[in-house]
Each structure stands twice: as structure tokens, then as C-alpha cells.
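Please keep the sequence and the structure in view while reading.

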Amino acid sequence: MSSKEELKKTAGIHAAKYVKNGMKVGLGTGSTVKYTILELGRRIKEENLEIMCVPTSIATEKLSIENGIQLHELSSLNGLDLVIDGADEFDKDLTLIKGGGGALVREKIIAQASKQMIVVADDSKKVESLGRFPLPVEVIQFSWKETRRQISQITGLPESKIEKRNQNNNSFITDNGNFILDLHLETIENPQKLESDLNKLAGVLDCGLFCNIANIVVLAGKNGLEIISN
């Protein structure tokens, strides 16, 4: 296991400690949250932990079922106690860029339904200014090029820097049946305004900016764990 993978494992396992018996928990998507899910599965089997969970993606649903985690429809739980999820970037205000795995809309729905959002990350995800990681925007397939043109207009970003995401030489399709446009912005000066401007476009389902949602980051670095709260 690489040193970076070890950091992800450390953060993922530690985040599972926030989960207590009887909680309603959102399970995020990604390579770090994977270790949280594995740890929760272990606790269910070995410690008789009883929790009700909601997955943020089909991939997370599959992994959760494989590890004996009881899943529920979000609307049946009347809100969640917490969600544990990863991030592609976060800044000092705990504003996030998410969506590298393509599950940003379901992740945001579940995060907004939770009393607390705990982010698991390795230290490569901590940045001074958001934007180095391309900002994912989920758009409906209908006239997606027109949506791209409008995104270009409101951001000033050339269309050549707004890339439709592909996978195995085919268009990447989200769990919701949509496309992802990745915006190569380099830096984002006002995340809240950008999120609002993008989400006003009819062809945009949502973008990967998570503003004023995250409460705690469990950050694993070379010097150990750091808990950052806003």
C-alpha cells in the first residue's frame, strides 16, 4: 500500500469513530470513504453496531451491501445525524470541491439533509485557493453544448477549458443519467457567487462547490491526524 493510500485509510477509519449506535448516517463516495465503509462494516459484525445508512452513489450502495450495512431511502429517515464524505479540494473556510467521482448531486442532497458533514481527506486536498482541481458541473444531456456556451459566458472561461468528461472513450454518465463538464478555472475567488451563478442555468443540475456545508475535516498527513473544524 502506498503512503498516500495509507493516509486515506487512516482518515477513513478515524472518521468512523464519529458514528455511534442508533445513528442515521450518509455514506459518501470515493477512495477515502471506502475505508470508512469497511470500518463500519467491521463494527457492525464485531461490535453489533446498529445504524441506518443512505448511500450517495451506486458504487457506495454496492460496497455497503457487500459489508453488511443496512441501507434506507433518504426520505424515510426524516433527516440524518451526519454524513461522511471525501473532497477533491478544501480551503481554510472548509468550502469544498467535490465531484471527481461524478456523484456530486446525490452527495449534496444527502449533505444538506444531515446535521453534520465530516470530510475525510489526505493532506494533498488542502489548498489555499480552490480551483486547481477542475470544478465538476452536472448538466443534462439535452443541448449540453448550449449549456457549455452559457457557462463560458458567465465565467469568462473559454469553451476549450470546459471539458465534457469521458470514460473509456465514451461520455461519462452520472448515476442520474447526465453529463459532467469539468471547468479548468485554476482559481476560484468567490465560490458562493460562482455556485449561485452556475445553478441558475436551466441545463445545470448542480455544481461541485459545497459552501457552508462541511463542519469537520479529518485530515491525514505525514505528521499524523489533524482535525479541522469551522
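How many Å apart are the mean positions of the positive and negative charges of the protein? The mean positions of the 28 positive and 31 negative charges are 1 Å apart, where Lys and Arg count as positive and Asp and Glu as negative, with His and the chain ends not counted, and where the place of a charge is NZ of Lys, CZ of Arg, CG of Asp or CD of Glu.

## Basis of the model

The model is predicted, so that local features need pLDDT of at least 70 and side-chain atom pairs count only at pLDDT 80 or more, whereas totals for chains, interfaces and linings use all residues. Residues are numbered from 1 along each chain as its sequence is written, and side-chain values use heavy atoms, with hydrogens and water left out.

## Overall form

The protein contains six helices and 15 strands, which are DSSP runs numbered from the N terminus (helices H or I, at least four residues; strands E, at least two). Its C-alpha trace spans about 55 × 40 × 35 Å along the principal axes. The radius of gyration is 17 Å, which agrees with the value near 17 Å for a compact globule of 230 residues; this radius is taken over C-alpha atoms, and the globule rule is 2.2 Å times the number of residues to the power 0.38.

Of the 230 residues, 53% are buried, a term that means under 20% relative accessible area, with exposed over 50% and partly exposed in between (1.4 Å probe, protein chains only). Among contacts (heavy atoms within 4.5 Å) between residues at least 6 apart in sequence, 73% join residues at least 24 apart.

## Strand β7

Strand β7 (residues 135–139) is largely enclosed by the rest of the structure, because five of its five residues are buried. In a regular strand the side chains alternate between the two faces of the sheet. In β7 both faces are covered, with L135, V137 and V139 buried on one side and P136 and E138 buried on the other.

Strands pair if DSSP finds at least two bridges between them. β7 pairs with β11 (residues 179–183) in the antiparallel sense over five bridges, and L135 has L183 as its bridge partner there. Three bridges also join β7 to β12 (residues 204–207), again antiparallel, and E138 stands opposite D206 in that strand.

## Two loop asparagines

N48 lies in the loop between α2 (33–47) and β2 (52–55), and has a positive phi near 55° although it is not glycine. N48 counts as exposed, at 60% relative accessibility.

N78, in the loop between α3 (58–66) and β3 (82–85), has a positive phi of about 55° and is likewise not a glycine. N78 is exposed, with a relative accessible area of 73%.
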